[in-house]
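Let's take a friendly walk through a protein model, from its inside to its charged pairs. Have the sequence and the 3D view ready as you read.

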Amino acid sequence: MTQLACPFCGPRPLEEFLFRKTMPNAGDSAYARTYLRVDHGTHSEEQWQHSGGCRVWLRVVRNPSTGAVASMTVEGSAYELR
Amino acid sequence: MKFSSRRYSAWSLLRARFAGAGYWRPLWSGRTLQTAYDVVVVGAGGHGLATAYHLARDHGLRRVAVLDKGLVGYGNVGRNTTIVRSNYLLPENHYFYEDALRRYETLSRDLNYNVMYSPRGVVDIALSDDDLPVLARRGNALRMAGIDAELLDVAALERFVPALAPRRQRRFQIAGALLQRRGGTVRHDAVAWGYARAAAALGVDIIEHCEVTGVHTQGGSATAVETTHGAVQAGRIVFATAGHTGLVGRMLGVPLPIETHLLQAMVTEPIKPLLDTVLVYVGPGHAESYVSQSDRGGIVMGGHLDGFPSYTREGRWHRLEDVVQASVELLPQLGGLKLLRHWAGTNDMTMDGSPLMDRVRYDNVFLNAGWCYGGFKSIPASGAAMARFVASGTAPDLIRAFGLSRFATGHLLDEPGYGPYPVRL
């Protein structure tokens, strides 16, 4: 995992991107959302930002055991890209 | 295969000289998996082996097994930067790590195995007049707890670390430092091997290449572990699988306050003695780096987390570069060295940066996890405390603050001080 493909900028080096958080997946209470994680090992939904580029917020689905990115979409956006 | 608990001494060396190579035996070997144990420890790293050793030595439990999906000491106990220290700010942490450091001081004698404890000092460097009071505060907290800490001015620091007296101009001026003289390094592999040998001598079965894939339960208790070698009855189960605890949580059906992140380390080609201490440095624009020289002569460097969850053990280049830059900023004379090796370990990162030692879900399943950056330096204290917890059923005072419930009740041990995140952004 040395590059990520930003929906706007195309493939860019990893250091341009900032991992923000793992999306809550262990329940709806504030406690669970803040502290708890269900670790699937091969599947992780995360929020990232292209902080060193176009600064768009991204929703990334990734396999933390291989680094493979399953999907990468603009966070909170309804419109489709490309 | 034959196992020998032969004691090492000057006498045994002398005898071996005349008895020939056959005198030395494997440190541990060849145990077969039984069908039932009093305690099954999952994970043959430092924590698992130390727990098994103390269960057998201090609590007289003889039917103890340590299972590992790989080999003894092939996880994080062989991937750290070998630093030991107890200079933590929070009392719950510094008393615990001080207990570990005291045990490290006598570990070679206790295990009859040379773990090469080297009290060469750990030096936290301040780069500004604003950094120095932060270190002074930490030093004062330690001194009030009876733990050694000294604040050094620049002249004293350069006397203690001659390599820092600049022949070439350093990029940033140093304002002072906090020194813990009893901190230093310990040969990490020897800790794993020493505990494995000592535990095996007390009758602990160490079974390698035996992965635990599930837990059998009845009511509120676990009854057995399912392994790749079949089911094994277990009176009590201890998971000491830091680096993969999130997956254990999923196996047990419990969400845990843990994410797994990568921490990198690297070592240069060997050079003549340059650095006889451990330097910890947070340069402007850098996350963190720590530098020491191994007994073989290589400069060992480590840094901060890669910044996102991963199990790949492939460090990110950008962090490698950051650690090297920070180290060269501090010690410009390292600039010409070549890197020899570079690796990453998987860290259990908790949401407050402090460990987890508690029962989890079932009344006889114990979790030893969430070691963040402190796994190696805590091994002897963790093993002794965990063994007492497992044997008596009550958490010793030393580790009571490390319970899982602290996240629900708000009694966090936020040592790093950046709130409920596994990694500082």
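Start with the largest nonpolar core, in this predicted model, which has 55 residues. Which of its members touch the most others? They are Leu49(B), Tyr195(B) and Ile206(B). Several elements of chain B each supply at least two residues of this core, among them strand β1 (36-42), helix α2 (46-59) and helix α10 (379-392). The top contributor is α7(B), which gives eight residues.

Leaving aside residues up to four places away in sequence, Leu49(B) touches Gly43(B), Ala44(B), Val66(B), Val72(B), Ala192(B), Tyr195(B), Ala196(B), Ala199(B) and Ile206(B). There is also a second, separate core of 29 residues, and its members include Tyr37(B), Ala222(B), Val225(B) and Ala234(B).

**Two domains in chain B**

Now step back and look at chain B as a whole. The domain assignment divides chain B into domain 1 (33-118 + 183-257 + 351-425) and domain 2 (119-182 + 260-350). Their C-alpha centres lie 27 Å apart. How many residues of each domain are in contact with the other? The count is 47 residues of domain 1 of chain B and 39 residues of domain 2 of chain B.

The size of an interface is often given as the accessible area lost when the parts come together. Here, domain 1 and domain 2 of chain B bury about 3500 Å² between them, with 53% of it on carbon and sulfur atoms. On the side of domain 1, Arg79(B), Asn87(B) and Tyr373(B) supply 19% of the area buried against domain 2, more than any other three residues.

Polar atoms take part in this interface too: 24 residue pairs are in polar contact across it, and two salt bridges cross it. Which element gives the largest share of the side of domain 1 that touches domain 2? That is α3(B), with six residues. Other elements giving two or more residues to this side of domain 1 include β3 (83-84) and α8 (245-252) of chain B.

**Charged pairs**

Over all chains, the structure holds 21 salt bridges. Here are four of them, with the N to O distance for each.

| Pair | N to O distance |
|---|---|
| Glu105(B) and Arg182(B) | 2.9 Å |
| Arg12(A) and Glu16(A) | 2.8 Å |
| Arg37(A) and Glu259(B) | 2.6 Å |
| Asp38(B) and Arg63(B) | 2.9 Å |

Take the pair Arg37(A) and Glu259(B), whose closest N and O atoms are 2.6 Å apart. Arg37(A) lies in the loop between α1 (30-35) and β4 (44-49) of chain A, while Glu259(B) lies in strand β12 (residues 258-268) of chain B, so the pair joins two chains. Both Arg37(A) and Glu259(B) are buried.

The bridge between Asp38(B) and Arg63(B) has an N to O distance of 2.9 Å. This pair links distant parts of the chain, 25 residues apart: Asp38(B) is in strand β1, and Arg63(B) is in the loop between α2 and β2 of chain B. Asp38(B) is partly exposed, with a relative accessible area of 23%, and Arg63(B) is also partly exposed, at 42%.

Some salt bridges share partners. In this way Glu98(B), Arg102(B), Glu105(B), Asp148(B) and Arg182(B) are joined into one network.

Back in chain A, the partners Arg12(A) and Glu16(A) form a salt bridge. Arg12(A) is partly exposed, at a relative accessible area of 33%, whereas Glu16(A) is buried, at 14%.

Terms used:
Residues numbered from 1 in each chain as written. Chains lettered and ligands numbered in written order. Predicted model: local features only at pLDDT ≥ 70, side-chain atom pairs only at ≥ 80, totals over all residues. Heavy atoms only, no water. Core = buried A, V, L, I, M, F, W, Y, C linked by side-chain atoms within 4.5 Å. Buried < 20%, exposed > 50% of the residue type's maximum accessible area, 1.4 Å probe, protein only. Helix = DSSP H or I, 4+ residues; strand = E, 2+ residues; numbered from the N terminus. Contact = heavy atoms within 4.5 Å. Domains from an automatic or database assignment. Buried area = accessible area lost by both parts, 1.4 Å probe. Salt bridge = Lys/Arg side-chain N within 4 Å of Asp/Glu carboxyl O. Polar contact = N/O pair within 3.5 Å; in protein donor to acceptor, adjacent residues only side chain to side chain.
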